[in-house]
Amino acid sequence: MTRAMIREWDKASSKRCLWGGRVGREKITVVGAGNVGGTTAQRLAETGCYDVVLLDIVDGVPQGKGLDLAQSCTLVGSDAHVEGTGDYKATTGSSVVIITSGVPRKPGMSREQLLATNAKIVKDVVQQAVAVSPKAILLVVTNPLDVMTYVAYKVSKFPRERVIGMAGALDAARLRAFVAAELRVSVENVQAMVLGGHGDSMVPLMRYTTVAGVPLSEWLPKDRIDALVKRTQDGGAEIVSLLKTGSAYYAPSASIVSMVEAILKDSHKILPCATLCRGEYGVDQLFVGVPVKLGRRGVEEVVQLKLTSEEQAALMKSAAGVRELCSLVDGMI
Ligand code: APR
């Protein structure tokens, strides 16, 4: 057998079993090899469960990071195949495409300019990625999150099940971290639910935030709870002001991986994600953060929670902000 024959045999046998089902590691593409993308690729590669392609527009960066990451895998005992590239051909047949590509808001840049620039980037990325991975699930991370997820949905023409935005998982994780630190309990004891758009209009649902199954209101006075809610809403900004340049990436990448694992392990885990609402929660044809059940098909179900009139009003206000930005972006894509 020649080397080329062995390679071909290897490729075929590791991806397909005799009856046509998939065996071996699934391929995940991470677009954008910056802080969030690079850290996400690292976390995924280190699980050893997925092959990872890291793609960026800046020549050399994904290749260099990919090589570094591949070498690190030997030390953590991962056999994942990692590749850094600028060529979408290498992403062919990805099960999940994670989109972190974009530019941060620069001084003097208006919200509309940021929106236009990132919408163009996300549009271009989605067009190229879905051309070679038509069955992929798209996970969008680029900000402004809810609107960029809408762009990915419009451009890909994928069903809503396969276009998901990462926001609520991160916001809920931040709230859980603050609650656990305040009460000095394990993070595993804390459950939290955050709805709405990603940003200061998010709606943390404190009635559904529990510690060891007991509502938070039994553990903390209202003023402390309000302070934790405020800190969660400002969670991203707090980190930006500390870093001075750049924004958070450890918790965002961990949040993405939790979504990927729920999907590829078909765990039916309920997480708050930006999904296209079609009447759920009184929101129609708009991406906002709501609890969804994630499995191998992507969004399997939008979980309907009962909201108080106050919570519903806050969600509608948050959704109105997203709708305004979506109508702006409609003319740009
Ligand atoms: N195709 C591929 N990659 C691109 C493109 C493009 N068209 N345009 C920009 N990029 C890449 C940049 O070259 C850069 O490496 O996207 C990467 C973005 O990385 P960072 O600037 O480090 O940003 P990061 O901190 O990773 O955040 C990425 O996630 O949480 C959000 O608000 C955050 O929108 C931002 C995104």
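What percentage of the 333 residues in the protein do buried residues make up?

1. In this predicted model, buried residues account for 47% of the 333 residues, where buried means under 20% relative accessible area. The accessible surface of the protein amounts to about 16200 Å², and 55% of that surface belongs to carbon and sulfur atoms.

2. The protein contains ten helices and 14 strands. Of the contacts between residues at least 6 apart in sequence, 65% join residues at least 24 apart.

3. As to overall dimensions, the C-alpha trace spans about 70 × 45 × 40 Å along its principal axes. The radius of gyration is 20 Å, which agrees with the value near 20 Å for a compact globule because the rule is applied to 333 residues.

4. The largest cavity holds about 40 Å³ of space.

5. The lining of the largest cavity consists of Asp 146, Ala 167, Gly 168, Asp 171, Val 194, Leu 195, Gly 196, Gly 197, Ala 274 and Gly 289.

6. By class, the lining of the largest cavity comprises four nonpolar, four polar and two charged residues. Gly is counted as polar in this division.

Methods:
Residues are numbered from 1 along each chain as its sequence is written. This is a predicted model: local features need pLDDT of at least 70, side-chain atom pairs count only at pLDDT 80 or more; totals for chains, interfaces and linings use all residues. Side-chain values use heavy atoms; hydrogens and water are left out. On a 1 Å grid over the protein atoms alone, a cavity is a set of points where a 1.4 Å probe fits but cannot get out, and a pocket is an open set with protein on both sides within 12 Å along at least five of seven lines; lining residues have an atom within 4 Å of a point. Grid points are joined across faces, edges and corners, and a volume is the space filled by probe spheres set on the points. Helices (H or I, at least four residues) and strands (E, at least two) are DSSP runs, numbered from the N terminus. The radius of gyration is taken over C-alpha atoms; the globule rule is 2.2 Å times the number of residues to the power 0.38. Buried means under 20% relative accessible area, exposed over 50%, partly exposed in between (1.4 Å probe, protein chains only). Contact means heavy atoms within 4.5 Å. Accessible areas come from the Shrake-Rupley method with a 1.4 Å probe; for residues, only the protein chains shown count as cover.
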